[in-house]
Amino acid sequence: MRDPLNKTITEIKPSGIRKFFDIVSEMTDAISLGVGEPDFDTPWRVRDEAIYSLEQGRTFYTSNAGLKELKEEISHFLERRYSLNYNPYEEMLITVGGSEAIDIGLRAMIDIGDEVLIPQPSYVSYEPCTILAGGKPVIIELKEENDFRLTAKELEEAITDKTKMLILPFPNNPTGAVLERKDLEAIAEVVIKHDIFVMSDEIYSELTYLDEHVSIASLPGMKERTVLINGFSKSHAMTGWRLGYACAPRRIISEMLKIHQFAIMCAPTTSQYAAISAIRDCDKEVADMREQYNARRRYLMKRFEEMKLQCFEPFGAFYIFPSVKEFNMTSDEFATRLLQSKKVAVVPGNAFGECGEGFIRISYAYSLSNLKKALDKIEEFVNELRKEQ
C-alpha cells in the first residue's frame, strides 16, 4: 500500500513538552510547573460580555478579518500602550490565537528555500511552521551570559543572501528574557541594512517587569518590515478562547487573509465580542495579574539563590530557566528523575531547541502556595543529587 503521509510532516518531531504533560496527566498527586497557562480566571466582565453576546444571538460568522469594533479597540490599545499606529481596516487580522498568526504569516511570506532566523531557546512552533511553509530554519543560539538576549552581532553573523525573515520572540518563552530599546535599535539597524523582515511575537508584552515593553515595529523604518503578533491568551488569561491578532503592512495582511479565509473563515465570534471588553475595560485586572506574577518571580529567584542553583534573572513572561548543568545529566534525565522521585513536573530546556540543553523551564503561573511546595521538593532533590556527586 502507498504511504498516505506527507514526508515533511512525518519528519517533524512532536513537541517535547507533550511527553511530560502526558505523564503528569496520569499522576493524580503530581505538582506540575510545566504549563504555560495563566492560573487566573478570565476577568468576569469579559465572561459576562461573552454571555451577553450569546444571549443576543451573536453566533454567526464575523467578517473574515474580524469584528470591526474589536480591531478598532486593538488599534487604540496599541497606540496608547506601545505608540503603534495601525489602520484597523487594512493592517490588522484577527486570528485563532497567536499560533495561527505565526503559521499564516510565514506561509504568506516565505518562498521555498528562504532562510528564517530563529533565536533559540524559544517557542516550539517557530521551527516546524517555518518548515511547513517551505523555508529553512537557521538557528541562532542565545547565550546565558547575554541573559539569553539576541545581540546585533549574533544576528549579523547569521544573515546570508538567502535570509528573508527574523523571528523575534521577546519577551521569551521559555527563558523570560526581554529586549530593551537599545537592544532593539541595534537589531533594527542590522535588519534594515540587510533588507530582511521581522516577525515579532509579542504575546507576553503585557508581562514585563523591568521597564515598559518596546515593540520593534515602533522604531523608525521598522513598521513597514514587521509582522506584529499578539493576542489575549497570556495578558488576559484567555488561553481557551483562542484569540490573537496580526498587524502588518496592508500587502502582507491581505495575503495572510487569503490563507485565513480558506483554512479558518473567521476567529470564534463569541471570543471576539468578549475580547472587546478585555482590551477596553480590563487594564486594572491585567496590572493586578502582572503584580502577582512579579511577586512569584521574585520568590523563585530568592529560592534558587538560597539553594545555590544557577539562574539568570528573567524580566518577562512567567517562566524561569535555571541551569542544571552542575549535575552532569541531560535536561530530560533531570526532569524525569525529579518527576519520578518528587512528583514535580518541569519541562526540559531542550524542548525549546538544542541550545536549551542543560536547563529546565519552570512556569510560575501557579499560586505561591503551590510554588512553595514544589520548590521545597526541588530543593530536596537538588541536595540529594549533590550528595551523590
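Reader: How much space lies in the largest cavity?

Author: In this predicted model, the largest cavity holds about 60 Å³ of space.

Reader: And how many cavities of 30 Å³ or more does a search of the whole structure find?

Author: Searching the whole structure for cavities of 30 Å³ or more turns up one.

Reader: Which residues line the largest cavity?

Author: Its lining is made up of Phe77, Tyr82, Ile203, Ser205, Glu206, Asn230, Gly231, Phe232, Ser235, His236, Tyr245 and Ile279. By class, these lining residues divide into six nonpolar, five polar and one charged.

Reader: Which elements each supply at least two residues of that lining?

Author: Those are α4 and β7, the latter covering 226-231.

Reader: Switching to helix packing, how do the axes of α4 and α10 cross?

Author: The axes of helix α4, residues 68-82, and helix α10, residues 269-281, come within 9 Å of each other and cross at roughly 25 degrees. Angles under 35 degrees count as roughly parallel, and the two helices α4 and α10 are therefore described as roughly parallel to each other.

Reader: Left-handed or right-handed, that crossing?

Author: The crossing in which α4 passes α10 is left-handed.

Reader: Which residues make the contact?

Author: From α4 the contact draws on Glu69, Leu70, Glu73, Ile74, Phe77 and Arg80, while α10 contributes Gln272, Ala275, Ile276, Ile279 and Arg280.

Reader: What is the make-up of the contact of α4 with α10 by class?

Author: That contact has six nonpolar residues, one polar residue and four charged residues. Phe77 and Ile279, which take part in the contact between the helices, are also among the residues lining the largest cavity.

Conventions: Residues are numbered from 1 along each chain as its sequence is written. This is a predicted model: local features need pLDDT of at least 70, side-chain atom pairs count only at pLDDT 80 or more; totals for chains, interfaces and linings use all residues. Side-chain values use heavy atoms; hydrogens and water are left out. Axes are lines fitted to C-alpha atoms, for helices over the stretch in contact, and angles run from 0 to 180 degrees between N-to-C directions. Helices (H or I, at least four residues) and strands (E, at least two) are DSSP runs, numbered from the N terminus. Angles under 35 degrees count as roughly parallel, over 145 as roughly antiparallel, 65 to 115 as roughly perpendicular and the rest as oblique. A crossing is left-handed if the near helix is turned anticlockwise from the far one by less than a right angle, and right-handed if clockwise. Contact means heavy atoms within 4.5 Å. Ala, Val, Leu, Ile, Met, Phe, Trp, Tyr, Cys and Pro count as nonpolar, Asp, Glu, Lys and Arg as charged, and the others, Gly among them, as polar. On a 1 Å grid over the protein atoms alone, a cavity is a set of points where a 1.4 Å probe fits but cannot get out, and a pocket is an open set with protein on both sides within 12 Å along at least five of seven lines; lining residues have an atom within 4 Å of a point. Grid points are joined across faces, edges and corners, and a volume is the space filled by probe spheres set on the points.
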